[in-house]
Amino acid sequence: MLTSRGSAGGGSRGGRPGNGGSWTDGDAAEVPRERQRLHRRRRQLAVQHADRERRGPPPPGGLRQRRAAVPGRAGAGATDIDAVYVSHLHSDHIGGLEWLGFSTFFNPAAGRPRMFVEQNRVSRLWASSLSGSMSRSGMAKLEDYFDVEPVPADGGFEWEGQRFELTGMLHAMDGPVPLISFGLRFATGRGCFLITSDTRFEPERYGALYEWADTIFHDCETTYRTDGVPAPSGIHAHYEELKTLPAALRAKLWLYHYQPGWRPDAETDGFRGFVAKGQCFEL
Ligand SMILES: [Zn+2]
């Protein structure tokens, strides 16, 4: 069930922010009329876009000609990775596990990576995704490739002496069933951090989390129609939605999970910026 709403669960700085805004698997009854909500949001963004057009923004066609720079690769190999965190089961978040599992399993010099994953996702991760190739006709199981450490939805784990807390975020609706992606929140000597993993734009629900964090890594889609009208999917926060957040909050946000191609100027809009591929952060 939904553990708290809005301003609930603020908690103390540097510690747990409560579970403010977190979603759990039993939240289906909490979710009202999702289609109408998305249509309403799209209409709002289209109207905002039309307003901007009237004020004379640059033509979208011209903007699309700008190309994003492609930074260098992070350069990490399989043996450089000693642990992996699984937020949810979409392939853009678990697609590398087969590579990691096989690469370390068949390398006698490699250790078995630790895997942190919400406990109710473990069996589905294997049965519905990885076992197709990794079971090797029934000979192997998930634990042959990874040291699996199931984590309760309202719990956390330690890695390298650092505590991380799972934070349920509403990613999408599978019909009446909420699809939860588990973000992470953690506090270090450098401040309080929130990684959203994948989430819709839910500012009212995440208010306490947003306030608690000093730095937020937020998924951000940059989908626009060819005429420049924002086209939010409803399963990620859209750039134009995040732009409506207060300036003090925007200044905490690093944006990731954006689409290839043209991107708005995030710094000018008050964000910290788009995370570049291979970019490293001191946390
Ligand atoms: Zn996803």
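**View A. Strand 7 and strand 8 run side by side.** Strand 7 (residues 191-195) pairs with strand 8 in the parallel sense over three bridges; two strands pair if DSSP finds at least two bridges between them. Strands here are DSSP runs of E with at least two residues, helices are runs of H or I with at least four, and both are numbered from the N terminus. Look for Leu194, which stands opposite Ile216 in strand 8. To get from strand 7 to strand 8, the chain goes through helix 7 (residues 207-212), and this β-α-β crossover is right-handed (with the strands pointing away from the viewer, the path from the first strand over the helix to the second runs clockwise). One thing before you zoom further: this is a predicted model, where local features need pLDDT of at least 70 and side-chain atom pairs count only at pLDDT 80 or more, while totals for chains, interfaces and linings use all residues. Residues are numbered from 1 along each chain as its sequence is written, and side-chain values use heavy atoms, with hydrogens and water left out.

**View B. Strand 8 is covered on both faces.** Thr215, Phe217 and Asp219 sit on one side, Ile216 and His218 on the other, and all are buried (under 20% relative accessible area; exposed is over 50% and partly exposed in between, with a 1.4 Å probe and protein chains only). Since five of the five residues of strand 8 (residues 215-219) are buried, the strand is largely enclosed by the rest of the structure. Strand 9 (residues 253-256) also pairs with strand 8 in the parallel sense, over four bridges. The strand 9 bridge partner of Ile216 is Leu253.

View C. His88 (NE2), His90 (ND1), His171 (NE2) and Asp198 (OD) coordinate the zinc ion at 2.2 to 2.3 Å. Donors are N, O and S atoms within 2.8 Å of the metal (3.2 Å for Na, K and Ca), and water is not among the atoms, so sites may look incomplete. The angles between the four donor atoms go from 88 to 176°, which makes the arrangement irregular. For the label: four donors are tetrahedral if all angles lie between 85 and 135 degrees; four are square planar and six octahedral if opposite donors are over 155 degrees apart and all others between 65 and 115; anything else is irregular.

View D. In sequence, the donor residues are spaced H-x1-H-x80-H-x26-D. His88 lies in the loop between strand 1 (83-86) and helix 3 (91-94), and Asp198 in the loop between strand 7 and helix 7, 110 residues apart. His88 is buried, with a relative accessible area of 1%, and Asp198 is buried at 1% as well.

View E. Arg114 forms a salt bridge with Glu149, their closest N and O atoms being 2.6 Å apart (a side-chain nitrogen of Lys or Arg within 4 Å of a carboxyl oxygen of Asp or Glu). Arg114 is in strand 2 (residues 114-118) and Glu149 in strand 3 (residues 147-151), so the pair ties together parts that are 35 residues apart in sequence. Arg114 is partly exposed at 28%, and Glu149 is partly exposed at 26%.
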